Amino acid sequence: MTVRDGGKATEGFTLPQVHEAWLPREHSLHRPRHGKRQLVALISAIAFFATPLVAWTFGARPVAFENRELVAFPSLSNGFGFFTKLPQWATDHLVFRQDAVHATDWISETFFGEPVPLDGGHNSGGPVPANPIAPPAPTEPTGPEQVLPPDSSGFVKVVQGRDGWLFFGGDAQSKCQPAQSLDRTIAQVNRLRAIVERSGRRFVLVVAPDKSTVVPERLPGSYPGKDCSRQPNIDFWNRVVAEAGAVDLRPHLAAAAAEVKREVYYRQDTHWTDEGALVMTRRLAEIVQPGTTRTWVTETDRVWKSSGGDLAALMGRKGEMSGVQYRLRPDGMVDRTRSVGTQFTDPLVLRTAQGTGMVSPRVALLMDSFSRSAAPYLGATFANLTLQNYLDFAKSPEAAAATIAGQDVVVVQMVERNLAAGGGTLVMPQFLDRFEQLLPPRR
(Lines give C-alpha, C1' and ligand atoms only; values in the text may rest on other atoms or scores of the structure.)
Protein backbone atom coordinates (compact mmCIF):
# COMPACT_ATOMS: atom_id res chain seq x y z
CA MET A 1 0.00 0.00 0.00
CA THR A 2 1.21 3.55 -0.78
CA VAL A 3 0.04 6.89 0.60
CA ARG A 4 0.10 10.39 -0.83
CA ASP A 5 0.35 13.49 1.26
CA GLY A 6 -3.02 15.14 1.49
CA GLY A 7 -1.63 18.64 1.00
CA LYS A 8 -1.95 20.69 -2.17
CA ALA A 9 0.63 20.65 -4.91
CA THR A 10 3.04 23.57 -4.90
CA GLU A 11 4.13 25.11 -8.21
CA GLY A 12 3.38 21.93 -10.13
CA PHE A 13 5.28 19.74 -7.67
CA THR A 14 3.58 16.74 -6.07
CA LEU A 15 4.96 14.60 -3.28
CA PRO A 16 6.01 11.12 -4.36
CA GLN A 17 4.08 8.07 -3.29
CA VAL A 18 5.51 6.52 -0.12
CA HIS A 19 5.14 2.88 0.93
CA GLU A 20 3.45 2.58 4.32
CA ALA A 21 6.46 0.69 5.67
CA TRP A 22 8.67 3.76 5.14
CA LEU A 23 6.48 6.21 7.00
CA PRO A 24 7.69 7.40 10.42
CA ARG A 25 6.66 5.06 13.20
CA GLU A 26 4.63 7.91 14.70
CA HIS A 27 2.54 8.20 11.51
CA SER A 28 -0.99 6.82 11.87
CA LEU A 29 -0.66 4.83 8.62
CA HIS A 30 2.74 3.28 9.44
CA ARG A 31 2.80 -0.49 8.90
CA PRO A 32 6.06 -2.36 9.38
CA ARG A 33 7.15 -4.17 6.22
CA HIS A 34 8.02 -7.26 8.23
CA GLY A 35 5.94 -7.61 11.35
CA LYS A 36 6.61 -10.38 13.85
CA ARG A 37 4.39 -12.87 11.99
CA GLN A 38 5.95 -12.02 8.65
CA LEU A 39 9.42 -12.34 10.12
CA VAL A 40 8.63 -15.79 11.55
CA ALA A 41 7.18 -16.88 8.22
CA LEU A 42 10.26 -15.62 6.39
CA ILE A 43 12.64 -17.43 8.75
CA SER A 44 10.56 -20.64 8.47
CA ALA A 45 10.61 -20.47 4.67
CA ILE A 46 14.37 -19.97 4.59
CA ALA A 47 14.86 -22.90 6.98
CA PHE A 48 12.50 -25.12 4.95
CA PHE A 49 14.33 -24.55 1.67
CA ALA A 50 17.82 -24.45 3.15
CA THR A 51 17.55 -27.60 5.30
CA PRO A 52 17.99 -30.04 2.37
CA LEU A 53 21.13 -28.19 1.23
CA VAL A 54 22.61 -28.05 4.73
CA ALA A 55 21.83 -31.73 5.35
CA TRP A 56 23.43 -32.65 2.02
CA THR A 57 26.59 -30.73 3.00
CA PHE A 58 26.96 -32.87 6.14
CA GLY A 59 26.50 -36.13 4.25
CA ALA A 60 22.83 -36.86 4.95
CA ARG A 61 20.88 -38.20 1.98
CA PRO A 62 17.10 -38.37 1.48
CA VAL A 63 15.49 -41.74 0.74
CA ALA A 64 12.81 -42.44 -1.86
CA PHE A 65 10.16 -44.43 0.01
CA GLU A 66 6.88 -43.69 -1.78
CA ASN A 67 7.34 -45.97 -4.80
CA ARG A 68 8.51 -43.06 -6.93
CA GLU A 69 11.73 -41.17 -7.53
CA LEU A 70 12.54 -38.02 -5.60
CA VAL A 71 11.65 -34.77 -7.37
CA ALA A 72 14.68 -33.27 -9.10
CA PHE A 73 15.85 -29.73 -8.39
CA PRO A 74 13.87 -27.44 -10.73
CA SER A 75 15.65 -25.69 -13.56
CA LEU A 76 15.82 -21.91 -13.88
CA SER A 77 14.78 -22.41 -17.50
CA ASN A 78 11.29 -23.25 -16.20
CA GLY A 79 10.70 -19.57 -15.52
CA PHE A 80 8.10 -19.04 -12.84
CA GLY A 81 7.72 -22.82 -12.70
CA PHE A 82 11.02 -22.84 -10.80
CA PHE A 83 9.23 -21.35 -7.80
CA THR A 84 6.14 -23.57 -8.06
CA LYS A 85 8.25 -26.75 -8.20
CA LEU A 86 10.70 -25.73 -5.47
CA PRO A 87 8.41 -26.62 -2.51
CA GLN A 88 7.96 -30.23 -3.68
CA TRP A 89 11.72 -30.59 -4.16
CA ALA A 90 12.33 -29.26 -0.65
CA THR A 91 9.67 -31.57 0.80
CA ASP A 92 11.10 -34.65 -0.91
CA HIS A 93 14.64 -33.85 0.23
CA LEU A 94 13.90 -33.42 3.91
CA VAL A 95 16.21 -36.12 5.22
CA PHE A 96 14.05 -37.28 8.12
CA ARG A 97 10.70 -37.15 6.30
CA GLN A 98 10.42 -40.96 6.12
CA ASP A 99 10.90 -41.24 9.88
CA ALA A 100 8.31 -38.51 10.42
CA VAL A 101 5.77 -40.35 8.26
CA HIS A 102 6.37 -43.60 10.09
CA ALA A 103 6.12 -41.87 13.46
CA THR A 104 2.83 -40.24 12.45
CA ASP A 105 1.50 -43.61 11.30
CA TRP A 106 2.52 -45.27 14.60
CA ILE A 107 0.88 -42.53 16.68
CA SER A 108 -2.35 -42.76 14.69
CA GLU A 109 -2.62 -46.55 14.91
CA THR A 110 -1.51 -46.70 18.57
CA PHE A 111 -3.69 -43.95 20.01
CA PHE A 112 -6.57 -43.68 17.56
CA GLY A 113 -6.85 -47.28 16.33
CA GLU A 114 -6.68 -46.44 12.63
CA PRO A 115 -3.97 -45.79 10.05
CA VAL A 116 -3.13 -42.33 8.84
CA PRO A 117 -5.21 -41.51 5.72
CA LEU A 118 -2.16 -41.14 3.51
CA ASP A 119 -4.08 -42.15 0.42
CA GLY A 120 -6.58 -39.49 -0.40
CA GLY A 121 -8.26 -39.62 3.00
CA HIS A 122 -9.83 -43.04 2.50
CA ASN A 123 -9.37 -45.96 4.83
CA SER A 124 -11.36 -48.92 5.97
CA GLY A 125 -12.54 -47.16 9.10
CA GLY A 126 -15.10 -44.88 7.46
CA PRO A 127 -17.57 -44.65 4.58
CA VAL A 128 -16.17 -44.43 1.08
CA PRO A 129 -17.89 -44.19 -2.28
CA ALA A 130 -18.76 -47.60 -3.68
CA ASN A 131 -19.14 -46.38 -7.26
CA PRO A 132 -16.82 -43.42 -7.85
CA ILE A 133 -17.43 -41.33 -10.93
CA ALA A 134 -14.21 -41.29 -12.88
CA PRO A 135 -12.93 -39.96 -16.21
CA PRO A 136 -12.33 -42.37 -19.12
CA ALA A 137 -9.61 -44.93 -18.53
CA PRO A 138 -6.32 -44.77 -20.45
CA THR A 139 -6.13 -46.80 -23.65
CA GLU A 140 -3.38 -49.08 -22.37
CA PRO A 141 -1.62 -50.03 -19.14
CA THR A 142 0.94 -47.62 -17.76
CA GLY A 143 3.00 -50.43 -16.28
CA PRO A 144 2.92 -54.13 -15.47
CA GLU A 145 1.63 -53.50 -11.92
CA GLN A 146 -0.53 -50.43 -12.43
CA VAL A 147 -3.09 -50.38 -15.20
CA LEU A 148 -5.24 -47.46 -14.12
CA PRO A 149 -3.50 -44.67 -12.21
CA PRO A 150 -5.60 -43.64 -9.19
CA ASP A 151 -6.95 -40.11 -9.43
CA SER A 152 -9.17 -37.61 -7.65
CA SER A 153 -12.36 -39.39 -8.75
CA GLY A 154 -12.70 -41.38 -5.55
CA PHE A 155 -10.57 -44.42 -6.37
CA VAL A 156 -7.52 -44.94 -4.20
CA LYS A 157 -4.10 -46.42 -4.79
CA VAL A 158 -4.33 -48.72 -1.80
CA VAL A 159 -7.36 -50.28 -0.14
CA GLN A 160 -6.70 -50.96 3.55
CA GLY A 161 -8.21 -54.31 4.45
CA ARG A 162 -8.70 -56.33 7.60
CA ASP A 163 -5.90 -57.35 9.96
CA GLY A 164 -3.30 -55.18 8.23
CA TRP A 165 -3.93 -56.55 4.72
CA LEU A 166 -3.45 -54.10 1.82
CA PHE A 167 -4.93 -54.34 -1.68
CA PHE A 168 -4.18 -52.47 -4.89
CA GLY A 169 -7.01 -50.07 -5.77
CA GLY A 170 -6.50 -50.80 -9.46
CA ASP A 171 -8.01 -54.26 -8.97
CA ALA A 172 -11.48 -52.73 -8.66
CA GLN A 173 -10.85 -49.74 -10.89
CA SER A 174 -9.90 -51.92 -13.86
CA LYS A 175 -13.37 -53.54 -13.69
CA CYS A 176 -15.28 -50.31 -13.06
CA GLN A 177 -13.71 -48.30 -15.90
CA PRO A 178 -11.95 -50.56 -18.43
CA ALA A 179 -10.30 -48.98 -21.45
CA GLN A 180 -12.52 -51.07 -23.71
CA SER A 181 -15.30 -53.65 -23.51
CA LEU A 182 -14.60 -57.23 -22.47
CA ASP A 183 -16.04 -58.36 -25.82
CA ARG A 184 -13.35 -56.45 -27.67
CA THR A 185 -10.54 -57.58 -25.36
CA ILE A 186 -11.45 -61.24 -25.74
CA ALA A 187 -11.69 -60.85 -29.53
CA GLN A 188 -8.21 -59.31 -29.64
CA VAL A 189 -6.71 -62.02 -27.41
CA ASN A 190 -8.23 -64.66 -29.66
CA ARG A 191 -6.76 -62.94 -32.68
CA LEU A 192 -3.30 -63.09 -31.08
CA ARG A 193 -3.90 -66.79 -30.40
CA ALA A 194 -4.93 -67.36 -34.02
CA ILE A 195 -1.84 -65.57 -35.37
CA VAL A 196 0.48 -67.72 -33.24
CA GLU A 197 -1.33 -70.97 -33.97
CA ARG A 198 -1.48 -70.34 -37.73
CA SER A 199 2.32 -70.09 -37.62
CA GLY A 200 2.44 -73.67 -36.32
CA ARG A 201 3.05 -72.83 -32.65
CA ARG A 202 1.01 -73.43 -29.50
CA PHE A 203 -0.48 -70.52 -27.59
CA VAL A 204 -1.17 -70.52 -23.84
CA LEU A 205 -2.82 -67.69 -21.88
CA VAL A 206 -2.25 -67.67 -18.11
CA VAL A 207 -4.10 -65.11 -15.98
CA ALA A 208 -2.57 -64.36 -12.58
CA PRO A 209 -5.57 -63.58 -10.34
CA ASP A 210 -5.68 -60.28 -8.50
CA LYS A 211 -4.99 -60.51 -4.80
CA SER A 212 -8.52 -59.21 -4.13
CA THR A 213 -9.91 -62.14 -6.15
CA VAL A 214 -8.00 -64.80 -4.22
CA VAL A 215 -8.20 -63.31 -0.71
CA PRO A 216 -11.56 -61.43 -0.72
CA GLU A 217 -12.23 -62.20 2.94
CA ARG A 218 -9.43 -59.78 3.88
CA LEU A 219 -11.06 -56.84 2.08
CA PRO A 220 -12.85 -54.18 4.17
CA GLY A 221 -16.63 -53.97 4.28
CA SER A 222 -16.63 -50.88 2.09
CA TYR A 223 -14.08 -49.51 -0.36
CA PRO A 224 -14.02 -47.51 -3.61
CA GLY A 225 -15.29 -49.58 -6.51
CA LYS A 226 -16.67 -52.48 -4.48
CA ASP A 227 -20.16 -52.42 -6.01
CA CYS A 228 -19.27 -51.48 -9.57
CA SER A 229 -16.57 -54.17 -9.82
CA ARG A 230 -18.55 -57.11 -8.41
CA GLN A 231 -20.44 -58.24 -11.52
CA PRO A 232 -17.66 -57.37 -14.01
CA ASN A 233 -15.33 -59.56 -11.94
CA ILE A 234 -17.71 -62.53 -12.24
CA ASP A 235 -18.20 -61.91 -15.97
CA PHE A 236 -14.46 -61.63 -16.52
CA TRP A 237 -13.61 -65.03 -15.08
CA ASN A 238 -16.56 -66.79 -16.68
CA ARG A 239 -15.73 -65.47 -20.12
CA VAL A 240 -11.94 -65.31 -20.16
CA VAL A 241 -11.76 -69.03 -19.32
CA ALA A 242 -14.61 -70.20 -21.58
CA GLU A 243 -14.10 -67.86 -24.54
CA ALA A 244 -10.38 -66.95 -24.47
CA GLY A 245 -9.14 -70.32 -23.21
CA ALA A 246 -7.29 -68.82 -20.23
CA VAL A 247 -5.67 -71.13 -17.69
CA ASP A 248 -7.58 -70.69 -14.43
CA LEU A 249 -5.15 -70.87 -11.51
CA ARG A 250 -7.69 -70.01 -8.80
CA PRO A 251 -8.53 -73.57 -7.65
CA HIS A 252 -4.84 -74.54 -7.64
CA LEU A 253 -3.92 -71.47 -5.60
CA ALA A 254 -6.65 -72.31 -3.10
CA ALA A 255 -5.34 -75.88 -2.83
CA ALA A 256 -1.79 -74.62 -2.25
CA ALA A 257 -2.99 -72.25 0.49
CA ALA A 258 -4.80 -75.11 2.21
CA GLU A 259 -1.69 -77.28 2.01
CA VAL A 260 0.74 -74.74 3.52
CA LYS A 261 -1.96 -73.34 5.86
CA ARG A 262 -1.36 -69.71 4.92
CA GLU A 263 -2.33 -67.30 2.16
CA VAL A 264 -0.31 -67.46 -1.04
CA TYR A 265 -0.30 -63.68 -1.49
CA TYR A 266 1.75 -61.25 0.58
CA ARG A 267 -0.04 -59.17 3.21
CA GLN A 268 1.47 -55.80 2.15
CA ASP A 269 2.40 -56.53 -1.45
CA THR A 270 0.16 -57.13 -4.46
CA HIS A 271 1.98 -60.26 -5.68
CA TRP A 272 1.74 -63.93 -4.88
CA THR A 273 4.30 -65.75 -2.75
CA ASP A 274 6.67 -68.48 -3.96
CA GLU A 275 3.87 -71.00 -3.37
CA GLY A 276 1.82 -69.14 -5.99
CA ALA A 277 4.82 -69.02 -8.32
CA LEU A 278 5.24 -72.79 -8.00
CA VAL A 279 1.55 -73.31 -8.78
CA MET A 280 1.98 -71.48 -12.10
CA THR A 281 5.21 -73.32 -12.87
CA ARG A 282 3.58 -76.73 -12.36
CA ARG A 283 0.48 -75.88 -14.37
CA LEU A 284 2.53 -74.56 -17.30
CA ALA A 285 4.76 -77.61 -17.31
CA GLU A 286 1.77 -79.97 -17.38
CA ILE A 287 0.08 -78.01 -20.16
CA VAL A 288 3.18 -77.85 -22.37
CA GLN A 289 4.36 -81.41 -21.65
CA PRO A 290 1.83 -83.53 -19.72
CA GLY A 291 3.25 -85.85 -17.07
CA THR A 292 6.45 -83.85 -16.63
CA THR A 293 5.91 -83.01 -12.96
CA ARG A 294 5.48 -86.61 -11.73
CA THR A 295 9.11 -86.75 -10.61
CA TRP A 296 9.33 -83.22 -9.23
CA VAL A 297 10.35 -82.76 -5.61
CA THR A 298 10.16 -79.42 -3.82
CA GLU A 299 11.53 -78.73 -0.36
CA THR A 300 12.11 -75.67 1.76
CA ASP A 301 15.35 -73.87 1.07
CA ARG A 302 15.04 -70.97 3.51
CA VAL A 303 12.51 -68.87 5.40
CA TRP A 304 13.08 -65.16 4.97
CA LYS A 305 11.82 -61.87 6.35
CA SER A 306 12.56 -58.31 5.25
CA SER A 307 11.15 -54.82 4.98
CA GLY A 308 9.29 -54.02 1.79
CA GLY A 309 5.97 -54.45 0.02
CA ASP A 310 4.89 -52.39 -2.98
CA LEU A 311 1.52 -51.53 -1.43
CA ALA A 312 3.10 -50.39 1.83
CA ALA A 313 5.52 -48.25 -0.19
CA LEU A 314 2.61 -46.61 -2.03
CA MET A 315 1.33 -45.47 1.36
CA GLY A 316 4.69 -44.15 2.52
CA ARG A 317 5.24 -47.04 4.92
CA LYS A 318 8.29 -49.24 5.32
CA GLY A 319 6.27 -52.46 5.25
CA GLU A 320 7.19 -56.01 6.22
CA MET A 321 7.39 -59.14 4.09
CA SER A 322 8.18 -62.76 4.83
CA GLY A 323 8.05 -65.98 2.90
CA VAL A 324 9.63 -69.29 1.97
CA GLN A 325 11.99 -70.07 -0.89
CA TYR A 326 12.16 -73.60 -2.25
CA ARG A 327 14.53 -76.01 -3.92
CA LEU A 328 13.07 -77.75 -6.96
CA ARG A 329 14.47 -81.09 -8.10
CA PRO A 330 12.88 -81.98 -11.47
CA ASP A 331 14.29 -85.53 -11.43
CA GLY A 332 13.77 -85.88 -7.68
CA MET A 333 17.51 -85.60 -6.98
CA VAL A 334 19.28 -82.54 -8.44
CA ASP A 335 18.25 -79.04 -7.35
CA ARG A 336 18.20 -76.85 -10.45
CA THR A 337 16.75 -73.63 -9.06
CA ARG A 338 18.88 -70.58 -9.71
CA SER A 339 18.72 -66.84 -9.42
CA VAL A 340 17.81 -64.99 -12.62
CA GLY A 341 17.13 -61.38 -13.57
CA THR A 342 14.18 -59.29 -12.46
CA GLN A 343 13.52 -56.75 -15.24
CA PHE A 344 13.25 -58.79 -18.48
CA THR A 345 13.02 -55.68 -20.67
CA ASP A 346 15.05 -57.62 -23.26
CA PRO A 347 14.63 -61.31 -24.03
CA LEU A 348 16.39 -63.46 -21.42
CA VAL A 349 17.24 -66.92 -22.72
CA LEU A 350 17.68 -69.68 -20.13
CA ARG A 351 19.17 -73.02 -21.18
CA THR A 352 19.15 -76.07 -18.91
CA ALA A 353 20.29 -79.62 -19.68
CA GLN A 354 17.56 -82.00 -20.77
CA GLY A 355 16.63 -84.83 -18.43
CA THR A 356 13.90 -86.43 -16.37
CA GLY A 357 11.26 -83.93 -15.29
CA MET A 358 12.39 -81.27 -17.76
CA VAL A 359 10.09 -79.54 -20.27
CA SER A 360 11.76 -79.96 -23.65
CA PRO A 361 9.82 -77.74 -26.14
CA ARG A 362 11.18 -74.25 -26.78
CA VAL A 363 8.98 -71.84 -24.83
CA ALA A 364 8.70 -68.04 -24.89
CA LEU A 365 7.01 -66.60 -21.79
CA LEU A 366 5.67 -63.05 -22.24
CA MET A 367 5.22 -61.99 -18.65
CA ASP A 368 4.62 -59.27 -16.10
CA SER A 369 5.89 -58.88 -12.53
CA PHE A 370 3.99 -61.97 -11.31
CA SER A 371 6.43 -64.22 -13.14
CA ARG A 372 9.50 -62.71 -11.46
CA SER A 373 9.17 -64.97 -8.42
CA ALA A 374 8.50 -67.93 -10.72
CA ALA A 375 11.59 -67.38 -12.87
CA PRO A 376 13.97 -69.47 -10.69
CA TYR A 377 11.54 -72.44 -10.80
CA LEU A 378 10.75 -72.03 -14.50
CA GLY A 379 14.47 -71.89 -15.27
CA ALA A 380 14.95 -75.09 -13.28
CA THR A 381 12.33 -77.08 -15.19
CA PHE A 382 12.12 -75.65 -18.73
CA ALA A 383 15.16 -76.70 -20.77
CA ASN A 384 14.80 -73.95 -23.36
CA LEU A 385 13.04 -70.84 -22.04
CA THR A 386 12.91 -67.21 -23.16
CA LEU A 387 11.51 -64.61 -20.75
CA GLN A 388 10.45 -61.06 -21.61
CA ASN A 389 8.08 -58.48 -20.17
CA TYR A 390 5.14 -58.30 -22.57
CA LEU A 391 5.04 -54.49 -22.47
CA ASP A 392 8.58 -54.34 -23.87
CA PHE A 393 7.86 -57.23 -26.22
CA ALA A 394 5.01 -55.27 -27.81
CA LYS A 395 7.06 -52.11 -28.37
CA SER A 396 8.51 -53.49 -31.59
CA PRO A 397 6.59 -55.97 -33.77
CA GLU A 398 9.83 -56.65 -35.66
CA ALA A 399 11.73 -57.63 -32.51
CA ALA A 400 8.71 -59.55 -31.24
CA ALA A 401 8.52 -61.64 -34.41
CA ALA A 402 12.25 -62.34 -34.20
CA THR A 403 11.88 -63.53 -30.59
CA ILE A 404 9.01 -65.89 -31.45
CA ALA A 405 10.64 -67.22 -34.63
CA GLY A 406 12.65 -69.85 -32.78
CA GLN A 407 9.91 -70.99 -30.38
CA ASP A 408 7.53 -73.95 -30.23
CA VAL A 409 5.16 -72.53 -27.59
CA VAL A 410 4.16 -68.94 -26.80
CA VAL A 411 2.86 -68.32 -23.27
CA VAL A 412 1.30 -65.00 -22.27
CA GLN A 413 1.07 -64.47 -18.50
CA MET A 414 -0.94 -61.38 -17.62
CA VAL A 415 -2.31 -60.24 -14.28
CA GLU A 416 -6.11 -60.12 -14.05
CA ARG A 417 -6.43 -56.34 -13.70
CA ASN A 418 -4.34 -55.66 -16.82
CA LEU A 419 -6.38 -57.99 -18.99
CA ALA A 420 -9.68 -56.78 -17.49
CA ALA A 421 -8.69 -53.20 -18.31
CA GLY A 422 -8.04 -54.01 -21.96
CA GLY A 423 -4.79 -55.94 -22.25
CA GLY A 424 -2.64 -53.06 -23.47
CA THR A 425 -0.45 -52.82 -26.54
CA LEU A 426 0.08 -56.58 -26.85
CA VAL A 427 -3.47 -57.10 -28.12
CA MET A 428 -4.04 -53.76 -29.84
CA PRO A 429 -4.89 -53.97 -33.57
CA GLN A 430 -1.88 -51.86 -34.61
CA PHE A 431 0.53 -54.35 -33.03
CA LEU A 432 -1.38 -57.42 -34.19
CA ASP A 433 -1.54 -56.23 -37.82
CA ARG A 434 2.22 -55.81 -38.07
CA PHE A 435 3.05 -58.88 -35.96
CA GLU A 436 0.92 -61.07 -38.23
CA GLN A 437 2.81 -59.85 -41.29
CA LEU A 438 6.21 -60.51 -39.75
CA LEU A 439 5.82 -63.80 -37.85
CA PRO A 440 7.44 -66.63 -39.83
CA PRO A 441 6.15 -70.24 -39.84
CA ARG A 442 7.58 -72.57 -37.20
CA ARG A 443 10.64 -74.42 -38.32
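## An aromatic cluster

Y265, W272 and F370 come together in one aromatic cluster. This is a predicted model, in which local features need pLDDT of at least 70, side-chain atom pairs count only at pLDDT 80 or more, and totals for chains, interfaces and linings use all residues. Residues are numbered from 1 along each chain as its sequence is written, and side-chain values use heavy atoms, with hydrogens and water left out.

The count of aromatic pairs is 9 (rings of Phe, Tyr and Trp, the last by its six-membered ring, with centres within 6.5 Å; planes under 30 degrees apart are stacked, over 60 edge-to-face, the rest tilted). Y265 and F370 make a tilted pair, 6.5 Å centre to centre with 55° between the planes. Y265 sits in the loop between α8 (250–260) and α9 (274–288) and F370 in the loop between β10 (363–367) and α11, so their pairing ties together parts 105 residues apart in sequence. Helices (H or I, at least four residues) and strands (E, at least two) are DSSP runs, numbered from the N terminus.

## A charge over a ring

Elsewhere, the charged end of K211 sits over the ring of F167, 5.2 Å from its centre (NZ of Lys or CZ of Arg within 6 Å of the ring centre and within 35 degrees of the ring normal).
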